[in-house]
Each structure stands twice: as C-alpha cells, then as structure tokens.
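Subject: Structure for you to look at

Hi,

Here is the structure I promised. Please open it alongside this note. My findings follow below.

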Amino acid sequence: MPAPGLVVLLVLGLILCTRAAASSQPGWRPDVHHSAWTREDGAPSAAYSIAQDDNGLLWFAASDGLYSFDGDRFDRHDSVSGHKLRSPVTMAVAAHGGALWVSYQFGDISRFERNGARHYLGADSPPTTVFEFEHTPDGTLWARSGTGMYYLDGERWQPAGPAAGLPEGRPTALNKLSDGSMLVYFADGIYRSVAGGEAGVHRFRKVLDGQGWRGGQVQPDGRVLIGKGGRDIAMFDPVRGQLRPFRLRNGGAPMNGYYTDRSGGLWVATGTALQLLDGDAKVMREFTTAGGLSGLILHATFTDREGNVWFVTENGVDRMRQARLSTITLPPGFGPALSLAPGDGGAVWIGNTDRQKGRAFASFVLEPDGVRRTSSITSVSSSYRAPDGSLWFGNSTSLWRVRDGATRHWPLPPGLAGQNVQAMAVDADGTLWVSVIARGVHTFRDGQWRAGGGHAELAGPTAVSLAADTRGRIWIGYTGNKIAVLERGVVRHYGPQQGLAVGNTLAIVPGRDRVWIGGDLGLAWFDGARFTALDERGGRGLRGVSGIVERDNGELWLHDTGGLVRIDAAELAPALAMRRPSVIAERFDHLDGHRGMPAQMQPLPSLVRAGDGRLWYATTSSVGYIDPDRIARNPRPPTVLVSAIRTDRGSYAPGGALVLPARTTRLEIAFTATALSIPERVRFRYRLSGQERDWRESTGLRQAVYTNLAPGAYTFEVSAANEDGVWSKEPARAALRIEPAWNQTWWFRLACLLALLGAAWALHCWRLARLAAGLAQQMRVRTHERERIARTLHDTFLQSVQALVLRLHVLMGRLPPGDGMRAEMEDVLSRAEGVIDEGRARVQQLRAPSVCRGALAESLADAGRALAAGSAVCFEARCLGQPRQLKPEVEDELFAIGREALSNAFRHAKAGTVRLELDFGDTHVRLTVTDDGCGVPDEVLERGARHGHWGLTGMRESARLAGGELRIDSSVAGTSIAVCVPAAVASSFA
C-alpha cells in the first residue's frame with residue numbers, strides 16, 4: 001500500500017496535468033473581431049435560444065417568430081419549409097437529423113422537416129413551456145420544461161421524474177458532457193444521467209448536493225464551471241465529484257452571466273461590459289455598448305461549427321471571432337508615426353516619430369516571448385537593418401547604430417540637423433547612405449559625411465527610399481515616377497520612358513531575381529532594362545504600397561492602403577514569366593483586424609520580416625504581425641442553398657420540379673451560403689442550364705437575374721467558396737419549368753408551319769398559274785404573229801411569185817422550141833416553182849409548228865427522216881439523258897435551230913451522213929447537228945451568213961431567244977452546229 005505522502009503527490013500531479021491539458025486548448029488572443037446586428041439590421045432582440053441546422057443556418061427563437069441567419073442577412077419566419085408555426089411566440093429551437101424542433105412560450109412542441117411537420121399538443125407534449133432541447137448519443141431527445149425533464153418516446157413526450165431518479169419541480173439548467181451524459185440542475189443539487197441501463201429506461205443520480213446551483217458551462221477538459229448567481233462560481237469535476245472554488249481576476253466586476261465557448265474562452269457579462277477572460281481569469285478584452293456591443297444582458301449564447309461565438313442581447317445579436325492579424329498593445333500616446341526594424345532572434349524594434357508636447361518617445365524592443373525592453377533611441381523617423389545585422393536608426397538630430405547589443409550615437413552635422421532622416425541603406429563596402437529631407441542623399445563612413453556620395457546630382461533632391469542590392473547597386477527612389485541607380489560610379493535615371501508608373505517611390509526591395517518597386521500608384525518590378533506594372537486582379541487594386549517582403553518560398557507580401565496583401569508563388573511565377581498585368585491576391589484587411597493606414601511618407605518601410613519568419617506591419621494606429629506559416633484557415637466548405645425563386649407574378653420556394661406559369665420571362669433566383677466567419681468574402685459561381693453553358697462568378701451579390709426566357713425546362717446550379725477558397729462539395733440545384741402559352745406550344749408551332757407551307761404552296765401554285773397564263777398569252781401572241789406573217793407571205797409574196805411564174809410561162813410559150821433562151825427560162829421557172837414550194841412549206845410551218853410539246857427529240861428526228869427520204873444521205877438521231885419538260889418558247893427555238901441545221905446539212909453539205917444528238921444534262925440542254933460533208937466556206941463563216949441567205953443569222957437569233965449560245969465548227973471533214981441552253985433557263989420547273 002503506497003505511503004500517504006505518495007498519494008498526495010499523485011493527486012497533485014493529476015490536478016496539474018488536468019490544468020495543463022486545459023491550458024493547451026487553443027485559446028483566444030486579444031485580437032477579436034466583433035460584429036453586431038440590431039433590429040435596424042433585421043436581427044432579433046432578446047431571443048431565448050440559438051441553434052444551427054445541418055445546412056449551417058443559425059436559427060433564433062424569439063417572441064415574434066423564428067429568425068434565420070446565413071451570415072449575410074436575417075430572415076424572420078412564420079413558417080418552416082412551408083409549414084406554419086403554431087405561434088410566433090417561440091421559446092426554444094434545436095436542430096437534429098434534418099429536423100428543426102421549436103417550442104412555444106405557451107406550451108406545445110413542433111417538429112419541422114422539409115416534407116412535413118408534426119405538432120405535439122396536449123397530452124403528447126410537456127404541460128408547460130419547454131426552455132431547452134438536448135440530444136444524447138443513445139438517440140434520445142430531451143426537453144427541459146417548467147415542470148421537469150421530458151424525453152420523446154415515439155409519438156409522445158414522457159416525463160422523467162422520481163421514477164428516473166429526478167426530483168419533482170423545475171430544472172434550472174441542463175448540460176451535455178463530453179461523454180454524452182447529462183447534468184441536470186435542480187433546487188436540491190445536480191443530477192447526472194446514468195448510462196448502461198435497459199433500453200428505453202433512463203436513470204439519474206445525484207452527483208452534487210447543495211442548494212442554489214443554477215447552471216454551468218462545460219469546459220474543454222470536461223469540467224463544468226457552475227454558479228449560483230453573482231460571483232459565486234466553482235469548478236466541478238463530474239467524473240470525480242470534486243468541487244473547487246474558482247476566482248475571477250477581473251477587477252471585482254459584477255457577474256450577471258457567463259459563457260464558456262468551445263475553445264475554452266470565458267465570457268463574463270458585468271452589466272457594463274462583456275469581458276473575455278484569459279486562462280488565468282484575467283481580462284483579455286472588454287466590449288462595451290460604446291464600442292459597438294448591441295447590449296449588456298445575455299439572453300442566449302452559442303458557438304457555431306466554424307468556432308464563432310454568438311451572443312443575443314436585449315437589443316440584437318453579436319458575433320465574436322478571432323482575427324487573423326495580431327496586434328500589440330502600444331504605450332500610451334505611442335503613434336501615429338510608427339517605425340519598425342527587425343532585431344535579432346525574432347525580436348522587433350518599434351519606434352515613434354512624433355513628439356507630443358515636447359515629449360520624445362523611446363523605441364522599445366519586443367522579444368518573441370512578449371518581453372519588452374526599452375532603449376535610449378527616441379523619435380525614430382527611419383530605421384534599417386544592414387546585411388551584417390547592424391541596426392541603424394535616425395531622426396532629425398542623430399544617427400544610432402546597434403550592433404551586438406551595443407548602441408553608438410552620432411549627431412547629425414550642422415548642415416543636416418533639423419530635418420528628419422528619411423531613408424537609409426548600406427552598400428557592399430559598408431558605407432551608410434542616408435537621405436535627409438530637403439538635404440538630399442549623403443554617405444556616412446567612419447564618422448565622415450560626404451554629400452551625394454561624391455555625386456553632386458544626388459545631393460540635392462530628397463530621396464523617399466533607398467536600397468542596396470547584391471550587385472552593389474544603390475537604388476534611390478524619388479517622387480513623381482523617378483528612380484536613380486548608382487552602379488560602378490555611374491548614375492542612371494529611370495522614369496516613365498522606361499515603364500515606371502508607381503508615382504512616389506515608397507519602397508524599393510531587391511529580391512532574389514528582380515527588384516520590386518512600391519509606390520502610391522501601385523507595384524512594379526525591374527527586369528534589368530524596363531519596369532513592368534503588376535496589379536491585383538478582381539480586387540480593389542494595389543495603391544500606396546509602402547512595404548514589400550519577398551519570402552524564401554517565392555511568396556510576395558505587400559502592405560498598402562487596403563491592408564496586407566499575399567501573392568502566392570504559384571500565382572506570381574507564371575505572371576512574371578508571361579508579363580501578365582495582374583495576379584490574384586489574398587487580402588488581410590479590416591475583416592482580419594487591420595486598423596489604421598500605413599505610412600505614405602515616413603517612417604518607411606511599413607512592413608518587415610522578423611528573424612522568426614513573422615511579418616510585422618505598422619499603421620497610423622497599430623503595430624501587428626502575422627505568421628505566414630501559421631495562418632488560421634477555415635477548412636469547412638460552405639453549404640450553398642437556393643433560397644427563393646421570384647418572378648413578376650410572385651415568389652416560390654425551391655423544391656421538387658417547380659412549374660412556373662406561361663409567359664414568365666423574368667426570373668430572379670436568390671441563393672446564399674452558410675459561411676458565418678467572413679461572409680463578405682464568400683464567392684459564388686452559378687449558371688442556368690438550358691440557358692447558358694458557362695459559369696458566372698459573383699462576390700457579394702447573392703442573386704441571379706434572367707430575362708427573355710423561353711418556355712422549357714431549366715436547372716439552376718450554384719456553388720460557393722468560403723474566405724479561404726474552399727468550395728462547397730456539391731452545387732445546390734433548383735429545377736424549374738416554364739409552361740408555354742397557347743401560342744408557344746408545339747402543336748401551335750406545327751399548325752403555323754403547316755399554314756406557312758400551305759400558304760407557300762398556294763403562292764407557288766398561283767405563281768405557276770400566272771406564269772402559265774403569261775406563257776399562254778405569249779404563245780397566243782406568237783401564234784397570231786406567225787399567222788399574220790403566214791397570211792402576208794401567202795397573200796402577197798407567194799401570190800406575186802405565182803403571178804410572175806404564170807407570166808413567164810406565157811412568155812416562154814412565145815419562144816420557139818429550139819431557142820436557147822427558152823431553155824434558160826425553163827430553168828428559171830423551175831427555180832421559181834421551187835421557191836413557191838419552199839414558201840408554202842414555210843407558211844405551213846408558221847401556221848402549225850412541226851414540234852409536239854414535250855417531244856422535241858421525236859419532232860427533230862421526224863424532220864430529219866423526212867429530209868433523208870428524198871436523198872441518199874444517211875440520217876442518225878439519238879437522245880442522251882432523261883428527257884424533261886422544256887419551256888414552250890425554248891422548245892420552239894431549239895426545234896427551229898435543229899430543223900434549219902438539218903435542212904442545210906441535207907441541201908448544201910453534200911454529206912454522206914447527218915447526225916442529230918439531243919443531250920438532256922443535269923445543268924444544260926445541248927442540241928448538236930453534225931455532217932461529214934464539204935464544210936462551210938471560210939468567207940461564210942467570217943461574214944456569219946451567205947449573201948442573201950438568213951439561215952445562220954436566224955439560228956443565232958433563235959439561240960439568243962432561247963437563252964443559249966450557238967457554236968459552229970466547220971472543216972473539210974464536215975460541219976458541227978451546236979446550241980447549249982442552261983437547264984435553269986430551259987426547264988419548266990427549274
């Protein structure tokens with residue numbers, strides 16, 4: 001058996017280990033970002049309960065209804081998922097398993113789910129008001145009411161009273177412990193649920209006797225901070241049953257309420273402020289109504305799944321979250337011109353330029369562990385860390401150097417004293433370059449000053465910034481887009497002609513591969529010949545860059561008028577390689593705890609890197625830091641929701657396949673994402689499938705508007721990313737369909753199409769009829785003209801020739817039979833009679849053309865065979881292609897050409913064979929007449945016709961009238977006459 005002393009040591013060791021475990025929990029820093037919403041913002045006041053559902057929405061039970069909050073706006077509800085509340089006077093709200101539980105101040109309980117609601121009334125519900133719900137790991141839902149504890153048994157709420165080990169009466173509070181058991185507070189003590197009993201049977205046992213314990217707050221280590229009211233609180237260990245006093249070290253302020261959040265932060269309402277206490281129960285931060293706190297009375301408290309702490313006061317709702325930037329407490333009066341210089345081992349030197357009422361502020365050194373050491377260096381206007389680790393400080397009277405813990409002081413010479421040191425740099429030789437306002441640039445070495453470093457042009461204008469790079473160059477930045485570079489004794493000047501457009505040069509930082517330039521108009525980098533501007537894409541833009549740090553991993557950090565800017569190396573490298581004008585950057589601004597404005601004149605720089613890797617920044621009101629390797633990130637993807645679909649006719653709740661009425665052309669789709677920490681930085685991308693293929697990007701605006709939508713089915717999709725770019729796992733979707741109006745239906749369109757086709761067909765038929773009538777009229781005119789010509793030939797010309805023949809016959813009868821003149825006259829008479837016969841034939845052709853409609857090939861073949869019948873000439877005819885209907889006028893002209901060509905071949909060619917070919921091609925109609933005769937004389941071809949003959953001329957005219965072209969090829973081997981007419985011109989239905 002162990003000795004009593006050993007037992008005591010073991011107990012003490014266990015207590016110390018327990019306290020060490022508690023203190024190891026991630027706690028709060030003083031940099032707390034506070035936001036408040038009041039009734040003017042739509043927030044509830046004096047709400048009694050807060051819950052967070054599976055989607056991440058916060059719900060508040062208030063006396064005027066339920067409220068929800070998505071991080072961006074509060075919405076008041078008289079119904080949940082389309083199901084009405086029993087009463088707007090609610091008391092408690094809880095979320096579990098997709099259901100929302102609500103109790104009312106006048107009794108009864110409601111359970112709301114997306115597909116329905118269940119109301120527990122009368123005997124199915126506790127008889128009095130339910131103040132709190134709790135769910136235990138065994139699946140039991142508990143309710144703390146005004147008459148005792150109740151649990152849900154199927155469809156009814158059953159009491160857990162003396163039979164379960166609990167006393168009669170009203171429990172004042174309820175805690176769920178880390179092991180899933182419950183602590184219930186009654187007037188006579190605290191009771192804890194007992195696990196391991198029979199299924200459906202619940203048992204409790206008293207674990208702390210004593211009156212007045214009104215409630216408690218579970219700590220991260222499992223202990224419970226319990227209280228009786230006021231400052232009477234104690235730390236209770238429910239495992240061991242131990243109770244130890246707990247003393248607040250908050251100045252003896254009253255304690256009107258308290259709350260322990262998930263990280264162990266203890267919040268105390270004193271009646272005049274809300275205090276955040278540290279691990280030693282000392283005040284870390286204090287929030288008052290004058291500082292923006294909505295109220296002083298705590299009605300409800302809650303820690304959400306992202307770690308934000310929520311308070312409901314008598315006037316509104318407050319949110320507390322840890323800021324990403326850490327600030328330090330400055331000595332009274334310190335500011336607003338604050339200087340920074342990195343010291344040794346992660347320390348940082350902090351100074352102040354201003355003098356207030358003749359008082360000079362001494363710089364101090366802040367060690368990484370928070371220890372401060374004062375120095376004799378005062379009113380620092382410029383500070384600089386040299387490559388050898390030496391620290392240089394300057395003001396209007398002196399220079400200081402701190403090396404290896406020793407400080408050395410030099411007064412400024414009379415010609416420089418009285419003006420502040422603006423900037424400093426040390427070159428490769430160890431010479432200090434100093435810029436003094438209105439005195440130019442000077443060098444300092446071994447106690448000796450030299451104006452301009454030996455260059456008169458540098459001794460005049462004031463240099464705003466100085467820098468020395470690894471190549472031995474001295475960079476000198478001026479106002480108005482001017483930079484001078486001293487290299488090997490030569491000063492080169494750069495300006496807008498070389499691409500410099502940063503305005504006043506506030507920072508020059510040589511990096512690993514390039515030199516960075518910051519100014520009041522932005523950021524640029526130097527490639528050895530020219531400057532290239534680099535801006536922020538999709539943000540406010542880089543302005544007033546007075547601090548630049550390039551980390552070893554390639555990250556670039558800036559300090560501008562909007563806060564700190566981080567540019568990732570993976571984003572920066574390709575932008576530099578391709579000379580892109582902008583990059584995506586991450587900002588740390590007022591939402592992260594950045595306050596004040598960085599210096600735009602002095603002291604510079606406003607951003608430095610300490611030896612431990614932390615980045616320190618200074619503004620007009622604060623000095624802070626961030627550890628770039630330990631930035632607190634929010635890994636939880638937001639849940640994105642489609643909250644409402646609105647048209648000109650009303651608003652609809654999304655769900656299922658929503659059917660919108662006909663003639664809905666304008667659509668507003670409201671959506672949100674439950675990212676509660678920094679909702680201002682939530683980004684959305686959305687699209688309406690069926691209307692667009694590409695995603696749209698949006699920041700801030702939580703609404704999509706579509707116009708001129710046609711009837712049909714659509715699916716709206718939206719995704720969201722939180723402040724750290726973590727996207728929701730799945731997009732939210734809302735399916736909808738717009739009904740067509742009667743004139744937008746498929747059958748109406750089909751009817752319109754059929755009507756249009758019918759109208760087109762009718763128009764076509766009408767046009768054909770018009771064309772046919774026109775052609776018939778033309779044919780009648782042609783026929784009448786041919787008949788007139790035939791009559792004229794018959795009644796005048798032929799009759800005159802016939803009379804002439806008769807006269808010649810009379811004259812010939814008077815000549816003797818053997819007279820030579822008689823023989824000549826007989827020949828003339830024979831020719832005249834031939835002319836009469838030919839004229840009669842022509843008259844016959846004029847009155848009745850030999851071509852039959854649609855039988856051009858047969859008509860020409862018949863004409864050829866008729867000519868061949870009275871001669872020894874062989875005739876051949878053939879038709880190529882599929883014969884088709886030709887226009888009557890074209891058919892007549894082709895027949896006339898073919899008949900004339902055949903007639904000439906038989907009568908004049910002295911041919912052995914005459915061939916006729918009619919080709920009905922896809923693109924043309926070609927008629928060809930060839931013979932193997934003597935050919936056409938050259939002089940005839942040159943003149944185009946025989947003297948006094950009109951056959952060839954007529955064929956050419958007919959070819960032109962038919963819309964084609966006549967071609968004659970002739971040689972001693974024969975003649976070919978061809979006419980070609982395009983099918984589009986020749987065919988009746990081309």
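Contact here means heavy atoms within 4.5 Å. Keep in mind that this is a predicted model.

I started with Asn 395. This residue sits in the loop between strand 39 (391-394) and strand 40 (398-403). Leaving aside residues up to four places away in sequence, Asn 395 touches Thr 378, Ser 379, Ser 381, Trp 400, Leu 412, Gln 419, Asn 420 and Val 421. With Thr 378 there is also a polar pairing: a polar atom of the Asn 395 side chain lies 3.0 Å from the backbone oxygen of Thr 378. Is Asn 395 buried or exposed? Its relative accessible area is 2%, so Asn 395 is buried.

Next, strand 17 (residues 182-186). Five of its five residues are buried. In a regular strand, side chains alternate between the two faces of the sheet. Strand 17 is covered on both faces. Met 182, Val 184 and Phe 186 are buried on one side, and Leu 183 and Tyr 185 on the other.

Which strands pair with it? Strand 16 (residues 173-176) does, antiparallel, over four bridges. Ala 173 stands opposite Tyr 185 there. The hairpin of strand 16 and strand 17 has five residues between the strands, and Gly 180 takes a positive phi near 95°.

Strand 18 (residues 189-194) also runs antiparallel to strand 17, joined by four bridges. Here Phe 186 faces Gly 189. Two residues separate strand 17 and strand 18 in their hairpin.

Best wishes

Note on methods
Residues are numbered from 1 along each chain as its sequence is written. This is a predicted model: local features need pLDDT of at least 70, side-chain atom pairs count only at pLDDT 80 or more; totals for chains, interfaces and linings use all residues. Side-chain values use heavy atoms; hydrogens and water are left out. Buried means under 20% relative accessible area, exposed over 50%, partly exposed in between (1.4 Å probe, protein chains only). A polar contact is a pair of N or O atoms within 3.5 Å; within protein, one must be able to donate a hydrogen and the other to accept it, and residues adjacent in sequence count only if both atoms are side-chain atoms. Two strands pair if DSSP finds at least two bridges between them.
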